[in-house]
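Please keep the sequence and the model in view while reading.

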Amino acid sequence: MTQPIFLVGPRGCGKTTVGLELARACQSQFVDTDHWLQTKAGRTIAEIVEKEGWETFRALETETLKAVSAPSTVIATGGGIILAEHNRGFMREHGIVIYLCAPVATLVERLEAFPEEGQRPTLTGKPISDEVSEVLAERDALYREAAHHVVDASQTPEQVVSHIVTALRLACA
Ligand code: ADP
Ligand code: MG
């Protein structure tokens, strides 16, 4: 793998989980943009958004995307990274973009099972199922627009990794 692989999709689709597995299988680096940004800023995303607003967070996210893009790297992106046209263009130009696509029910099930892993502030303040379906309705077309490949992310992490390896004809197990 030479070009970076960008995993995009909504919260709970498995970007972090699948990204780690894929990087391990391909002996590549793994970076999570949310995690990298929080470490660099020394604050959580919730704190950044609360103190400085979404616009500042989105600008930091774009800087992060550029900073972490490197060869032989699997990059798990934040769910809203595709909102900015320049982010979509950057990822498509500099790497291979994969949309981890899962139905609303699957996303809700995962987020409800592991609520502590939702490190972002709620986007709408509504119940999780309403929020997931609204956010997905708004963003699905953008995930597809950004992606070179759309992969069914409702299967096990191992199966999702295997589909990605096959789709990209990667030389890894
Ligand atoms: P994202 O980074 O896209 O928000 P995560 O990788 O953090 O998603 O996954 C959210 C939750 O769903 C985690 O608790 C994870 O263990 C679980 N999960 C992720 N992918 C799968 C999968 N393919 N099958 C079952 N559970 C999964
Ligand atoms: Mg994640």
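Which residues in α7 are buried? They are Val-160, Val-161 and Ile-164, where buried means that 20 or more other C-beta atoms lie within 10 Å of a residue's own, exposed that 12 or fewer do, and partly exposed a count in between, with C-beta atoms placed from the backbone. Seen down the axis of α7, these buried residues fall within an arc of 100°, so they line one face of the helix; the arc is that of the directions from the helix axis to the C-beta atoms. An α-helix has 3.6 residues a turn, so residues three or four places apart point the same way. Glu-158 and Thr-166, on the other side of α7, are exposed. The buried residues of α7 pack against α1, β4 (96–101) and β5 (149–152).

Some conventions apply throughout. The model is predicted: local features need pLDDT of at least 70, side-chain atom pairs count only at pLDDT 80 or more, and totals for chains, interfaces and linings use all residues. Residues are numbered from 1 along each chain as its sequence is written, while chains are lettered from A and ligands numbered from 1 in the order in which they are written. Confidence in each residue is given by the predictor as pLDDT, from 0 to 100; its mean over the protein chain is 92, and 92% of the residues reach 70 or more. For the complex, the predictor gives an ipTM of 0.98 and a pTM of 0.94.

The protein chain contains seven helices and five strands, which are DSSP runs numbered from the N terminus (helices H or I, at least four residues; strands E, at least two). Along the sequence they follow the pattern β-α-β-α-α-β-α-β-α-α-β-α. The radius of gyration of the protein chain is 15 Å, close to the 16 Å that the globule rule gives for 173 residues, so the chain is as compact as a globular protein of that length. This radius is taken over C-alpha atoms, and the globule rule is 2.2 Å times the number of residues to the power 0.38. Of the 173 residues, 36% count as buried. Among contacts with a separation of 6 or more, 77% join residues 24 or more positions apart, a contact being two residues whose C-beta atoms, placed from the backbone, lie within 7 Å.

Attention now turns to the ligand. Around ligand 1 there are 15 residues, of which Gly-14, Lys-15, Thr-16, Thr-17 and Arg-110 come nearest; a residue is near a molecule or strand if its C-beta atom, placed from the backbone, lies within 6 Å of it. Both α1 (15–25) and α7 (157–167) supply at least two residues of this shell, and α1 gives the largest share, three residues.

Two loops deserve a separate look. Most residues other than glycine have a negative phi, and most peptide bonds are trans. Gln-27, in the loop between α1 and β2 (29–32), has a positive phi near 50° and counts as exposed, with 10 C-beta neighbours inside 10 Å. Ser-72, in the loop between α3 (45–68) and β3 (73–76), also has a positive phi of about 50°, but is partly exposed, with 14 other C-beta atoms within 10 Å. Just after α7, Arg-169 takes a positive phi of about 50°.
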